[in-house]
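Here's a quick tour of a protein model for anyone just getting started with structures. Have a look at the picture first, then work through the notes below.

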Amino acid sequence: MPELPEVETTRRGIAPHLIGRNVTGVTLRRPDLRWPIPPEITDLLPGQRILDVERRAKYLLLHTKVGSALLHLGMTGVLRVLPPDALVGKHDHVDIALEPTRSEGPRVLRFTDARRFGCLLWQPPGETHDLLAGLGPEPLTDDFDGDLLWRLSRGRTAAVKLFLMDNAIVVGVGNIYASEALFAAGIDPRKPAGSVSRARYARLAAEVKRILAWAIERGGTTLRDFINPDGAPGYFFRELQVYGCEGEPCRVCKTPIRQVVLGQRSTFWCPRCQK
C-alpha cells in the first residue's frame, strides 16, 4: 500500500496541474471503488475551481468552494494528469476533466485502481469527513515529537512498532517506515511501547521525521504496484536498511536481519543493533 511519502509525492506531482484550474466534468466508468462514489462528485465538482490540493495522512483532498473531493489510493491506486484523449485502460475508473490553461491544453486527472481498494468521496465545506476524524498529528510538523510519543505510550503494553503505526498517535508512519525508523533509533520493534524511555522516543521521533523527509525527496518506495504520477518509480527502496532484508547482513554490524509478524504485518530488525 502506498505510504505517506508516496502519497505526498503524488500530491506534489499533481498539484501544479490542478490548483487554480476549473473542473469541466467528471467521468465515472463505474459507480464505486471501495465504497459508492457519492453524487456530489458529479453534481457539485464540475464548474468549480480547485483551490488547493492537500494531503492528510494518506488521503488527498481537492478543495473547492463547495466542498472537497477526498481520495485514497488504496493498495494499487495511481493518479495521473493526462491529455483527455489518452487511451483508457481496463482499470481507469475516474476522469476529472480540467480546463485548458495558457501553458497547456485540456487535461484529465485519471484515477486508476486495479484492486479498487481506493476511494473517491466528498467532504462538505467546514466539515471533517469521518475517515479523517480522530487522526493524530502529521509526523513532519512540530505537533509530533518524542514528548508526545512518551506521554501517549505510558501504560501501553503493545509492541512499540504497532504503537508507532497507530494513526490516532501519529498519521502516515506505515509498515516500511516504522521498521526503518526503529532501526535507525536502535529500538527493538517488539519492545512494549510503555517501556521505552523519553530520551529514546525523542530519537525515534527525530528518525521518523528524517526518514520520511528523505523518502519524499527520493520519490517514495516502489515495492509492487506504486508508481509516481509521471510514471516513474520511487527510489527510496535503495535506501532500506532492514525492511525486506531478512537473512541479509545488517549494514552496521553484519548480524543477519530477522523477521517477525506483528499485527499481521512483516517486521524486520537487527537483533544486535536494536534493543
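This is a predicted model: local features need pLDDT of at least 70, side-chain atom pairs count only at pLDDT 80 or more; totals for chains, interfaces and linings use all residues.

**Helix H5**
- Helix H5 runs over residues 175-185 and is mostly covered, with 11 of its 11 residues buried.
- Among those buried residues of H5 are Asn 175, Tyr 177, Glu 180 and Phe 183.
- So what does the covering? The cover over the buried residues of H5 includes helix H1 (4-18), H4, helix H6 (198-217) and strand E10 (265-269).

**Glu 180, a charged residue in H5**
- Glu 180 has its place in helix H5.
- Is Glu 180 buried or exposed? Glu 180 counts as buried because its relative accessibility is 3%, and the cut-off for buried is under 20%.
- The side chain of Glu 180 reaches the backbone nitrogen of Tyr 243, at 2.9 Å.
- Tyr 243 also turns up in the contact list of Glu 180, together with Ile 211, Glu 239, Leu 240, Gln 241 and Val 242, once neighbours within four places in sequence are left aside.
- For a sense of scale, Glu 180 and Pro 106 are 74 residues apart in sequence, and 41 Å apart in space from C-alpha to C-alpha.

**Lys 161, a charged residue in H4**
- Lys 161 belongs to helix H4, which covers residues 160-164.
- Lys 161 is buried, yet it has no salt bridge.
- Which side chain of opposite charge is nearest to Lys 161? That's Glu 3, and it is 8.4 Å away.
- Lys 161 does have a polar partner: its side chain makes a polar contact with the side chain of Thr 267, at 3.0 Å.
- Leaving aside neighbours within four places in sequence, Lys 161 is in contact with residues including Asn 175, Ala 178, Ser 179, Leu 182, Arg 265 and Thr 267.

**Two loop residues with positive phi**
- Arg 116 is not a glycine, but its phi is positive, near 60 degrees.
- You'll find Arg 116 in the loop between E7 and strand E8 (119-123).
- Arg 116 has a relative accessible area of 32%, so it is partly exposed.
- Gln 264 isn't a glycine either, and its phi is positive at about 65 degrees.
- Gln 264 is in the loop between strand E9 (258-262) and E10.
- With a relative accessible area of 77%, Gln 264 is exposed, because the cut-off for exposed is over 50%.

**Strands E5 and E7**
- Strand E5 (residues 77-82) is mostly covered, as five of its six residues are buried.
- E5 pairs with strand E7 (residues 107-113) in the antiparallel sense, over six bridges.
- If you want to spot the pairing by eye, look for Gly 77, which stands opposite Asp 113 in E7.

- An unreviewed UniProt entry lists residues 241-275 as "domain: FPG-type".
- In the model, the end C-alpha atoms of residues 241-275 lie 16 Å apart.
- How much of that span is helix and how much is strand? The span is 0% helix and 29% strand.

Notes. Residues are numbered from 1 along each chain as its sequence is written. Side-chain values use heavy atoms; hydrogens and water are left out. Helices (H or I, at least four residues) and strands (E, at least two) are DSSP runs, numbered from the N terminus. Buried means under 20% relative accessible area, exposed over 50%, partly exposed in between (1.4 Å probe, protein chains only). Lys and Arg count as positive and Asp and Glu as negative; His and the chain ends are not counted. A salt bridge is a side-chain nitrogen of Lys or Arg within 4 Å of a carboxyl oxygen of Asp or Glu. A polar contact is a pair of N or O atoms within 3.5 Å; within protein, one must be able to donate a hydrogen and the other to accept it, and residues adjacent in sequence count only if both atoms are side-chain atoms. Contact means heavy atoms within 4.5 Å. UniProt positions are given in the numbering used here, feature names are shortened, and annotations may be inferred rather than shown by experiment. Two strands pair if DSSP finds at least two bridges between them.
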